Amino acid sequence: MTLKSLLSATALAMLPLGAGAAFAEDLPPCDNCSDSMVLMSWGGAYQASQVAAYAEPYAKLTGVKITWDEGSNEAIAKMRAASEAGNMTYSLVDVEGPDSQRACDEGLAEEIDFDKVLAAAPDGTPASKDFGAAMINECFVPQIVFSTTFGYRTDVKEWNGKVPEDLCAIFDLQTFPGMRALEKRPKKNLEWALLCDGVSKDELYTVLSTKEGVDRALAKLDTIKDHVVWWSAGAETPQLLADGEVVMGSTYNGRLFSAIVEQKQPIAMLWDWEVFDFDGWVVPKGLDEAQKNRVMHFLNFATDTQRLADQAKYISYGPARASSQPLVSKHATLGIEMAPFMPTNPANQKNYLVNNIEWWADNQDAVEVAFQNWLSK
Amino acid sequence: MTDQTANGPMLAADGTPLKQSLNRALRRQKLRAFLLIAPLLIFVLVTFIAPIGDMLFRSVQNDIVADTLPRTVAALSKWNAESGAPPEEPVYRALASDLLIAVAEKTHTQLGTRLNYEDSGFSSLLRGTGRDVDDMGEDVTKALVAIDPIWDEPTTWTNLLGEPAWVSAQADWDKAGGKTAEPPFVLSPVAQQNLPLTSAAFADFARVMQTVKNDSPTEKRPWNTVAIGLTEDLKANPAAAGAFGTEWQPALSAIVAAAQMGTIPAANFTAAFTESDKAWATPQPWSIIKIFSPRFTSGYFLNAVDLKMTADGIAPRADSERVYIMLFLRTMILSLAITGTCILLGYPVAWLLANLPPRTANLLMILVLLPFWTSLLVRTSAWKVLLQQQGVINDLLVWAGLVADENRLVLINNQTGTIIAMTHILLPFMILPLYSVMKTIPPSYLRAAKSLGATDWTAFWRVYFPQSIPGIGAGSILVFILAIGYYITPELVGGAKGVFISNRIAYHIGTSLNWGLAAALGSLLLIVVLVLYWVYDRIVGIDNVKLG
C-alpha cells in the first residue's frame, strides 16, 4: 500500500467525523473509470478558479490525476485535428457557447443526457431546468455566465467631471474625447453600433441580416475609427486602460474586475448593453469507455450547485445555475461582496444582449470579411 | 591506351567493359550517399512534406457534398440551373432521403458549414430543414396505419422486408439482451424484386438504426419514405401484393385498393420543403449544391483571389467581400519596405563588423546576436512598451520638446509599428550574410582604388559595393521570405492596417475553421514566394548569392 492510498484510506475512515462528510456522500462511486483526465481550459485566472473550486477537490476525493492543457482559444481546431488523427487526447474541453455549437454541429462533441449526467439542484429541480437558458445546445454543459462590457478611466481631465453613463458614450467624441479599445472582430461591435444608431433591440438582427444593415453599423463605427485601438486578447483592454493608452474599452467583465479590485486601477465599469455569453464544457467524441465514464462522473461533481457557486469566489463570472445564485458570496481572499461585479446581478442588467449564436454561426464568415475589409480601408 | 583493342570497348583489369565497371562503382557510391541522407530525408518527408501536402490538398478537396447527398447530386444532374426554376419533385425527394440519413449521422451540419462558405445562410437552412425532415410525408404513413394498424408496428416492416434468416437472428440477438454485435440487416430477395423503392428506403433506415443509433430496426417505425415507397411500388405493380404468400396478401391488397382509389395522399416533398423554408422554392440553394457537387473544387482558390463561382461562371465578389488581394499586396509591400530598411540599417553595421579590429568587432557581434537569441515574443512586447503613445519613445520626445503632449506620435497599431518591430527582429538575418561577404573583400582593393586617385565615394561605390552585392542578395532573400510569412509580430503591433495575409491564414485555421480556404491562401503564398525566387534568379542570379 502506497503512502498516498494509505492517507486517502485514513481520510475516508475519518470522514464521518470531518467536515468533508457531505462531499463523500455527494460523490457516487465510479465504475470502470480511468484514473486520469486531460482538461482543456483557458489558463490564467479562469483556470485557477476551476482548479480551486472543483478540480482540486475532485482530485483529492478520488485520487484522479488531472492534467491541464491551456488551449481553449483554439479548442475546436485542436479537437478537429485530434479527431482526424483518430486519437482524442482531451477528456473534457472548456469552450464558449458559439464554439460548443460548432463542436456539436461538426459532430466533434458528445450529446449529453443532462438530467442523467448532471446533478439536480438541492431542492430537486432537474439540471435541465436549473440551467435553463444556459443550455444552448445538446452538447454543452454550462458553467458560467460572463459578459463583455465597457470599462473607463475615472481620471480623464478632458471630460470635465462627466462620466459615461450609457453605451453610446463610446460614440460621443465631443463629451468623452480619447482613444477607445474595441475587439478586432465584428461580433458585439456591430450590435453596439446599431443600438447607438437608433435600432431597437428587437429589430437588431433583422437589420443586421441585410447588407445595408452591416454597412449602417460600419458607418457608425466609422465615426470613431481613428480613435480606436483594436484588441484581440481580453487582457489587452485592462492593460491599455491602466497605461492610459485608451480612456474606455470593451473586455470581459472578469478582466475589469481584477484591474479594478485586485490591482486598484482608476477604472470603473459601465453596465449598459453588455453582451452575455456562456462558457462551459463539451465532451469530445472518440473517448474510450473508461475515460467517458470518468468525465461524466467529474461533470456531475464539477457542475453541481455548490461547486459552481464556489467558483464565483475566485472570479467575477456568474454561475450558470439558477440555484447557485443565492450562494454567491464573498471573494475568497479579498473578502469583498462579489454580487455587484457579477453579470448575473439584476442591478447590472438594465439593458443587455445575449450572444445570438445561431445568427453568428450563419453570418460570421460574410460579416467578418466585410468588417476586415472596412478595417483595412 | 594499352587496354584498347582494335574494335572492342575499353576494358577494365578484370575484363569487364570499363564503362560498366565505372558505373557500378559510381552506383555504389551514390547508394552510400543516399543512405547517409536517408534518415534526414525520411524525417523531413514524414514530419514536414506529408502533413503540409495533406493540408494543402484540402484547398481543392470537396468530397463532402457528393458523400452526404449522393441521391440529390445524381438527381440534380438533369436539372438546368439557368432555367431559373427550382427542380422537380424527384430532386426534393432525393434530398429528403439523403437528409434523413445525414441528420441521423449528424453530417448535415458539416455540409451546412461547408456550403455556408459559398452562400451564407446555408448552414441555418440545412439545420432548420434537418429538424423538419423527419415529419415530411407523415400523412402517407398515417393513411397506411388507418387502412391497417399493423403498419404502425416496426416488426411488420422487418418481417415483410427482411431475409427470414436475418429476422430469426435478430430475434435471437434481442432475446440475448443485445450484448453481442447486432446481425446486420439483410433484405429478402422477394422484397428486393417486387418492392424496389420500399426495399431501398428500408435498407438505409435499417443500416442507420444499427450503425448510428445502435438500436434495432425492430423497435422503431421506419421513416415515411418507406411507407411512400410501399404505396408507389404497389401502385406501379399490383401483382407484388401476391408475391409474399397468403399471410401478407390481405394487408398488401388493401393498400393496392386504396392506392387505386386515391385515398392515400401522394407524397409532396416540394411542398414540405417549401413549408420548412421558402428558400427551397428558389433555384439558389439547388444551384449551390449543383455547382459544388464535384469532388474537387476551385472554390477555395477563387475565394482566395476574391472571386466566386456562380451558375453563370466565375464572377468577382461584391466590393465588401474583397479582402485577400489587398492583403497579399500589403504583405508584399510591407515586406519590401522591411527588407529596404534592413539593408539601410544593416549595411553600415556589417561594414563596421568586418572592418573594426577583432576585439571591438566581437563585442559588436555580441550586440547584434543578443537580440537574436531573445524570444520573439519578448522583443515584440518590448516594442509595444516603447512605441505606445504613453510609451518610452513618445515620453522622450515630449520631454525633449520635439512633440507636443497632446500630439503624441502614433507609432504602434499601424503599419509603422509593423515595419519598426519587424525590421528590428529581422535585422540579424541581413547583417550576418552581409558581414560574412564583406569579410572576404580584401581591404587592399579599396586602398588600391584610392592610390589610383579615386575619391572615398568612388572607391566605395565602384569597388567595394559591387563586391558586397551577393551579401545584400542573400540577406534580402532571407529577410523578405521570412517577412512574407510572419504572423505573430504583425498580430501584436500591426493593429488593423498592419496585419499580413498570414494573420488571415491563422484566423481561418484557428477560429473560422475554414481549413480549405486557409490551405488555398497558404498555397498561393507559397507560389508567390517561388515566383519571386524565380524572378530574382533571372535578374540577380542565384549564383551571386553568398551566405559566406
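A residue counts as buried if 20 or more other C-beta atoms lie within 10 Å of its own, as exposed if 12 or fewer do, and as partly exposed in between. Keep that cut-off handy for the exercises below, which all work on a predicted model.

**Exercise 1. A strand with two partners**

Work out which strands pair with strand E7 (residues 248-252) of chain A, and in which sense.

*Solution.* Take strand E4 (residues 141-153) of chain A to begin with: E4 and E7(A) pair in the antiparallel sense over five bridges. Within this pairing, look for A:Thr148, whose bridge partner in E7(A) is A:Tyr252. Then turn to strand E5 (residues 180-183) of chain A, which pairs with E7(A) in the parallel sense over two bridges. Here A:Arg180 has A:Met248 of E7(A) as its bridge partner. To finish, check the cover: five of the five residues of E7(A) are buried.

**Exercise 2. A helix pair in chain B**

Describe how helix H17 (residues 324-355) and helix H18 (residues 358-373) of chain B cross.

*Solution.* First the geometry: the two axes come within 8 Å and cross at roughly 145 degrees. The crossing of H17(B) and H18(B) is left-handed. Then the residues: B:Val349, B:Leu352 and B:Leu353 of H17(B) meet B:Ala361, B:Leu364, B:Met365 and B:Val368 of H18(B). Sorted by class, this contact has seven nonpolar, no polar and no charged residues.

**Exercise 3. Where the chains meet**

Which helix of chain B gives the most to the side that touches chain A?

*Solution.* Begin with the totals: 28 residues of chain B contact 29 residues of chain A. Helices H5 (108-116), H6 (122-132) and H25 (501-510) of chain B each supply at least two residues to that side. H5(B) gives the most, with four residues. By class, the side has six nonpolar, 17 polar and five charged residues. As for confidence, the predictor gives the complex an ipTM of 0.83.

Technical notes. Residues numbered from 1 in each chain as written. Chains lettered and ligands numbered in written order. Predicted model: local features only at pLDDT ≥ 70, side-chain atom pairs only at ≥ 80, totals over all residues. Axes fitted to C-alpha atoms, helices over the stretch in contact; angles between N-to-C directions. Left-handed = near helix turned anticlockwise from the far one by under 90°. Contact = placed C-beta atoms within 7 Å. Nonpolar A, V, L, I, M, F, W, Y, C, P; charged D, E, K, R; others polar. Pairing = 2+ DSSP bridges.
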